[in-house]
Amino acid sequence: MLDFSSLLLAAALSGTCLAFTMFTIWLTAPRARFVLTVACGIIVLVAHVILFWRYTKEPDPLLCQIALALLSLGFLIICLSAMQYLGVPGHTRAIMPTLAAMAVCAAFTFLGLDGVGFIVTYATVTVLLSTIGAMFWANGSHDRRILLVVSFLSGTCAVSFALCGVVLIAKGQWTLGAAPDNWAERLNSVVAVACMTGLGALTLSLHHLQAQIELKAETMTDPLTGLMNRRGLMSLHGERSFGPFMAVVMFDLDHFKRTNDIYGHPVGDQVLCRFAAVIRKFARTGVDAFRLGGEEFAIVMSRMTEERAHDLASKIGVAFGTEIVPTSLGPLRSTVSGGIGFGGADGSSLDAVLAEADAALYAAKRAGRNCVISHGRMGKAEPVEPALRSA
């Protein structure tokens, strides 16, 4: 059976190995800042364990204060790393109460009530670990299996610290003069080592999961405009059945090749980005925007009548027609043509709706460009703004 000192040293060794692993991961992936934050938190906890082990050998009030402060600080940093990973705002809501609790603990310990200091610290750590568990439990945008395990380990560790405080309260040990040594402390040492090791391994899994999410987002995003690309369109809507109140609008910038030839590709890129910005202004729930490639764009609209879809597409065309790109040859104003395809009462595939939108787009081109045509109104071109023509 390991004695209490051996358990503490085991915790320090386990934490050191975890922190080294986390630092190594962060060096290979600097954008994963939450991994660095976890590593810093573990290092602080390792420092706490070492000082607490020293305190068990040579009790000293100042050493006790520092060790307890490091315990709260270490778990505060790990709580902040969880908020960082999950994108939870309001870090001060965790920082300020923890610092206040650390100050209260230091005051009681300074007055000789080190037992109360331990109780306050255990309560603080219990709250921090419970907060971590609750955040991961409530978050539904990541892999639920990993999050639930993190939540379980955090909760288990929180219970072990809570038991340490309960035992001190039950025994009325307000003044100790030495490190507490009871069944709850030994249990806490074992649980803490096991949980921190498990959380370290899960941090690796969370880092891998986040890297996969970022990679998927990058492969579905057009790097120039920031809109989703054709792959994103297929991923979101490729298997979808388009009903009568769903539409796809395909846009094609008018005379874009001429723009590139006369003004140069950098100016052409500016024009593309301007159009993407215009689309974003009209984006809302039920409207997804994509750059399909070159000067071709598309938006997918849900809960839209034909009139509303045509009105929205026309507004995008009008707004883009007012955009002016300054160039060395003078101001450049461009236009766009659009074609709208609709789903059917029995449901249509994305390919079928895209084909309708593409046919309507070519009809708009044949009608003189700078207009939007619905597939159901082929031959009835409605100019967006006749006075506007691209260079």
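Me: Which helix holds both Lys257 and Asp261, and how many residues apart are they?

Reply: Both lie in helix 9 (residues 256-263), four residues apart, about one turn of the helix. Helices here are DSSP runs of H or I with at least four residues, numbered from the N terminus. This is a predicted model, in which local features need pLDDT of at least 70, side-chain atom pairs count only at pLDDT 80 or more, and totals for chains, interfaces and linings use all residues. Residues are numbered from 1 along each chain as its sequence is written, and side-chain values use heavy atoms, with hydrogens and water left out.

Me: Why is the contact of Lys257 with Asp261 called a salt bridge?

Reply: A salt bridge is a side-chain nitrogen of Lys or Arg within 4 Å of a carboxyl oxygen of Asp or Glu. The closest N and O atoms of Lys257 and Asp261 are 3.0 Å apart, so the pair meets the definition.

Me: What makes Lys257 exposed?

Reply: Its relative accessibility is 61%. Buried means under 20% relative accessible area, exposed over 50%, and partly exposed in between (1.4 Å probe, protein chains only), so Lys257 counts as exposed. Asp261, with 54%, is exposed too.

Me: How many salt bridges does the structure hold?

Reply: There are nine. Among the residues involved, Asp252, Asp254 and Lys365 are linked in a network.

Notes:
Helices (H or I, at least four residues) and strands (E, at least two) are DSSP runs, numbered from the N terminus.
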